[in-house]
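Visitor: Can you walk me through this one? I have a few quick questions.

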Amino acid sequence: MSASKPNWWKASTCYQIWPASYKDSNGDGIGDIVGIISTIPYLKDLGIETIWLSPMYDSPQKDMGYDISNYQDVYPPYGTLADMDRLIKECHDLDMKLVLDLVINHTSDQHAWFLESRRNKTNQYADWYMWRDPKIIQGERHPPNNWASIFGGSAWEYCRERDQYYLHLFVKEQPDLNWENEETRRGIYESAMKFWLDKGIDGFRVDTANLYSKDTSYPDAPILVPGEPYQPAFKYFTNGPRMHEWLQEQRGILDKYGDVFMVGELPDTKADEVLRYISAKSREYSCVFDFDVVMLGQNKEGGSKKHHTHKHTLPHFKEAIRKVQGLLHGTDAWTTVFLENHDQGRSLSRFATDKAIHRDQAAKMLAVLMCCLTGTLFLYQGQEIGMYNHPEYWGIEDLRDIDSLNAYNDVMHRHKGDPLWLKKAMRGLQLVGRDNGRLPVQWDNSANAGFTSGKPWIRVHDDYEHVNVAAQQADPGSPLNFWKKIIRLRKKYADLMIFGKDFQVWDKFDQDVFTFTKVHPDGHERILVFLNFSDEDQPLHYPTGLESVQKELLVCNFEEPGKYLTPWEARVYLIREGVVNGG
Ligand code: GLC
Ligand code: CA
């Protein structure tokens with residue numbers, strides 16, 4: 001990239017689509033590509049410029065498409081390759097970009113490569129996955145080490161044909177590819193990447209983007225959870241020794257296609273390590289999704305037990321945001337802004353409030369927060385209308401996610417069905433369970449929220465008659481119309497809102513209000529943002545020196561901003577004087 005041509009993806013407003021739950025066009029109860037195509041004008045009108053489509057590849061759907069059996073084909077209920085060609089074209093015709101999910105840490109166990117690999121130790125694909133001999137203890141066969149799978153149980157599965165185990169960091173139907181093998185890497189680049197880049201897509205969201213390189217001496221992990229046979233082993237497979245080498249190799253492939261956007265999913269990584277992936281100089285990822293905000297209240301060390309999730313405090317939330325904004329301070333890196341995706345509870349329920357009286361106000365407040373942060377902005381389907389978590393009275397039979405079901409069954413098994421334990425398990429899932437983000441998008445108040453004319457594959461949120469696109473389109477004061485307005489404002493004040501620097505929090509320890517400033521790259525203007533994260537009126541926390549300077553109100557989610565911040569109020573002021581240079 002020449003220095004004079006800015007990367008298109010920095011200021012692009014992105015929207016993630018989870019195909020199964022977005023829009024069904026043919027009444028089979030499952031969202032599809034034709035359904036997506038029918039809503040492109042809606043997205044365009046909202047101000048969306050880039051669509052990130054979650055996996056639509058052929059798959060046995062053990063993990064909702066993150067288990068791919070053929071990179072070069074489409075899951076039939078979602079559509080065909082021809083539908084994908086049309087989707088690409090329709091996006092480009094409206095001057096929008098399309099980004100696909102790139103799932104290359106593992107494949108499905110039904111992928112042709114794995115079916116061949118598992119047959120014996122001598123076939124052409126024998127070394128394409130992570131195979132290891134059993135550990136024999138007192139004549140008995142055991143997995144090669146004690147690593148736990150991220151989705152529970154051992155990370156190893158035995159295969160009789162080879163008398164060996166294969167590694168799977170996720171479910172056993174998701175065997176990990178052997179990136180150490182150069183031929184495997186070439187195969188991945190050809191099949192998963194070039195095939196789609198040749199069709200004209202504009203980039204990838206990279207799944208589990210820092211897990212390819214493992215500690216291939218496979219040491220036992222230290223005991224973090226006493227009494228458990230399998231232990232969390234993140235440090236042996238996260239940010240491993242060859243990650244950067246391979247990503248640079250991969251960039252060599254991408255370069256032939258121009259400015260390809262690569263946004264990596266980057267769990268569990270400290271700031272200085274994150275920078276290695278996203279510095280413009282290293283040319284690895286364009287930017288990444290840091291997990292600091294979405295992991296708040298979740299305990300990974302303990303083996304990611306969802307029933308131990310607790311509600312974080314506002315100071316924790318501010319600190320997580322500060323870390324990510326801080327990545328840009330004095331560096332050549334770029335970052336993302338997001339509060340939701342298909343792996344998380346809804347942001348209203350997790351970070352604000354889903355109480356009916358404050359919900360719309362809170363949804364608009366979070367919109368202000370996001371639009372004022374520096375980085376590439378990502379909305380998740382339904383976020384624009386303030387979709388929130390499923391009610392507490394839903395039962396396990398309403399859930400579909402393998403991770404949630406595993407977590408529930410684990411509690412069930414350990415505590416022999418004890419009702420209080422099961423209640424605790426459900427409470428955790430109600431807050432952070434992945435199905436919260438996977439409920440059908442609420443398009444209107446007709447049956448099944450207008451998502452399908454058939455029987456939806458997962459239960460529709462009970463509140464769809466109140467929260468839906470059609471109702472909000474008709475209401476000028478709705479979260480949807482507010483998003484439209486503020487996305488445009490973000491573009492208008494791009495230098496401050498998208499590219500502003502020196503993010504600074506002014507009330508680090510306050511439990512109710514979040515006040516921050518950002519400075520124009522030229523240093524002559526700044527924005528001052530007040531956000532009330534409480535159900536009560538709150539005083540304004542003016543940064544020292546800014547109490548009485550001239551300021552212009554850019555946006556507020558309340559009609560008449562007064563002396564105090566009303567519950568869940570957000571205000572943004574533009575200040576043209578008093579900026580301390582280099583601050
Ligand atoms: C990522 C995806 C998640 C999936 C996992 C395994 O974390 O976002 O949905 O289950 O990788 O591919
Ligand atoms: Ca369908």
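Guide: What follows covers a metal site, the nonpolar cores and the cysteines.

Guide: This is a predicted model: local features need pLDDT of at least 70, side-chain atom pairs count only at pLDDT 80 or more, and totals for chains, interfaces and linings use all residues. Residues are numbered from 1 along each chain as its sequence is written, ligands are numbered from 1 in the order written, and side-chain values use heavy atoms, without hydrogens and water.

Visitor: Which protein donors does the calcium ion (ligand 2) have?

Guide: Asp24 (OD), Asn26 (OD1), Asp28 (OD), Ile30 (O) and Asp32 (OD), at 2.2 to 2.4 Å. Donors are N, O and S atoms within 2.8 Å of the metal (3.2 Å for Na, K and Ca); water is not among the atoms, so sites may look incomplete.

Visitor: What spacing do they follow along the chain?

Guide: D-x1-N-x1-D-x1-I-x1-D.

Visitor: Is Asp24 buried or exposed?

Guide: Buried, at 7% relative accessibility. Asp28 is partly exposed, at 35%. Buried means under 20% relative accessible area, exposed over 50%, partly exposed in between (1.4 Å probe, protein chains only).

Visitor: New topic. How many residues are in the largest nonpolar core?

Guide: It has 148 residues, and Phe204 and Phe317 have the most contacts inside it. A core here joins buried Ala, Val, Leu, Ile, Met, Phe, Trp, Tyr and Cys through side-chain atoms within 4.5 Å.

Visitor: And disulfides: how many turn up?

Guide: The search of the whole structure finds 0. A disulfide needs two cysteine sulfur atoms within 2.5 Å.
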